[in-house]
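Hi everyone, thanks for making time for this. I'd like to walk you through one fold, so please bring up the viewer and follow along.

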Amino acid sequence: MSASTSHSSDAWQGCYSRGWGRELVPDAYTHPAKVSFKLAERIWSHLFEEGWLKVGDSAVDPFAGVAGFAYHALQHGIHFIGVELEPRFVDLGNRNIALWNKRYAGRFARWGTARLQQGDSRQLLSMLSSMADACVSSPPFGKQYIGSGLALQPEHQFEGYQLQAESDG
């Protein structure tokens with residue numbers, strides 16, 4: 001394949017073209033920063049297209065909110081573990097997962113598992129029983145940037161935390 005040939009995994013247009021519709025329990029719409037339905041769908045597809053995930057793998061979302069990333073994880077046969085700080089969003093996320101299991105669990109050839117637990121993502125490693133194969137997230141940044149994309153500098157601060165650049169040596 002030539003260098004100018006575009007892979008389907010390189011197409012990221014239309015990631016905000018569809019809302020959640022009736023796929024969330026009504027109270028979940030109170031969450032202020034739900035992941036985009038189409039963006040989450042595109043991220044999961046990309047992970048599979050690139051061969052980074054396969055059916056039966058596990059993924060973690062350290063800022064799970066109302067479990068939006070779990071929807072497509074279930075459809076792809078992924079074992080999803082979400083961590084959310086706010087107890088009310090944990091409840092809503094688990095209600096979403098129950099709704100999806102009730103509606104779709106028998107309709108897909110592959111169907112994963114999902115659970116959302118309350119906790120602080122800064123303690124993520126201590127909350128997991130085993131390492132995950134992937135991490136997906138829509139993190140709660142204190143500031144949003146409009147333009148060509150979000151670029152975080154190592155010194156960028158949000159909500160009292162300092163992001164640190166890490167190096168191998």
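I'll start with the overall layout, then go to the sheet, and finish with the helices.

One thing to keep in mind throughout: this is a predicted model. The chain has four helices and six strands. If you read from the N terminus, the elements come in the order α-β-α-β-α-β-α-β-β-β. Of the 169 residues in the chain, 40% are buried.

What is the strand order in the open sheet? It reads β3-β2-β1-β4, four strands with parallel pairing. β3, residues 113–118, and β4 sit at the edges with a single partner strand each, so one side of each has no neighbour in the sheet.

Let's look at β1, which covers residues 58–61. Toward β2, residues 79–84, β1 is joined by four bridges, and the two strands run parallel. Toward β4, residues 134–135, there are two bridges, again in the parallel sense.

Are the faces of β1 covered or open? Both are covered. Ser58 and Val60 lie on one side, Ala59 and Asp61 lie on the other, and all of these are buried.

How do we get from β1 to β2? Through helix α2, residues 68–75, and the three elements together make a right-handed β-α-β unit.

So let's stay with α2 for a moment. Eight of its eight residues are buried, so α2 is largely enclosed by the rest of the structure. Among those buried residues are Phe69, Tyr71, His72 and Leu74. What do the buried residues of α2 pack against? The list is α1, β1, β2, α3 and β3. Just after α2, you'll find glycine 77 with a positive phi of about 75°.

Two of those neighbours are helices, and I'd like to take them in turn. First, α1, residues 37–49: the axes of α1 and α2 are 9 Å apart, and the packing angle is about 45°. With oblique meaning neither roughly parallel, roughly antiparallel nor roughly perpendicular, α1 and α2 are therefore oblique to each other. The crossing of α1 past α2 is right-handed. On the α1 side, the residues involved are Phe37, Ala40, Glu41, Ile43 and Trp44, and they meet Phe69, Tyr71, His72 and Ala73 in α2.

Next, α3, residues 87–104. Here the axes of α2 and α3 are 10 Å apart and the angle is about 30°. Angles under 35 degrees count as roughly parallel, and α2 and α3 are therefore roughly parallel to each other. The crossing of α2 past α3 is right-handed too. In this contact, Gly68, Ala70, Tyr71 and Leu74 of α2 meet Ile97, Trp100, Asn101 and Tyr104 of α3. Notice that Tyr71 is listed in the contact with α1 and in the contact with α3.

Last stop: where does α3 sit relative to the sheet? It lies across β2 and β3, running at about 170° to β3.

That's my tour, and I'm happy to take questions.

Notes: Residues are numbered from 1 along each chain as its sequence is written. This is a predicted model: local features need pLDDT of at least 70, side-chain atom pairs count only at pLDDT 80 or more; totals for chains, interfaces and linings use all residues. Side-chain values use heavy atoms; hydrogens and water are left out. Buried means under 20% relative accessible area, exposed over 50%, partly exposed in between (1.4 Å probe, protein chains only). Two strands pair if DSSP finds at least two bridges between them. A crossover is right-handed if, with the strands pointing away from the viewer, the path from the first strand over the helix to the second runs clockwise. Axes are lines fitted to C-alpha atoms, for helices over the stretch in contact, and angles run from 0 to 180 degrees between N-to-C directions. Angles under 35 degrees count as roughly parallel, over 145 as roughly antiparallel, 65 to 115 as roughly perpendicular and the rest as oblique. A crossing is left-handed if the near helix is turned anticlockwise from the far one by less than a right angle, and right-handed if clockwise. Contact means heavy atoms within 4.5 Å.
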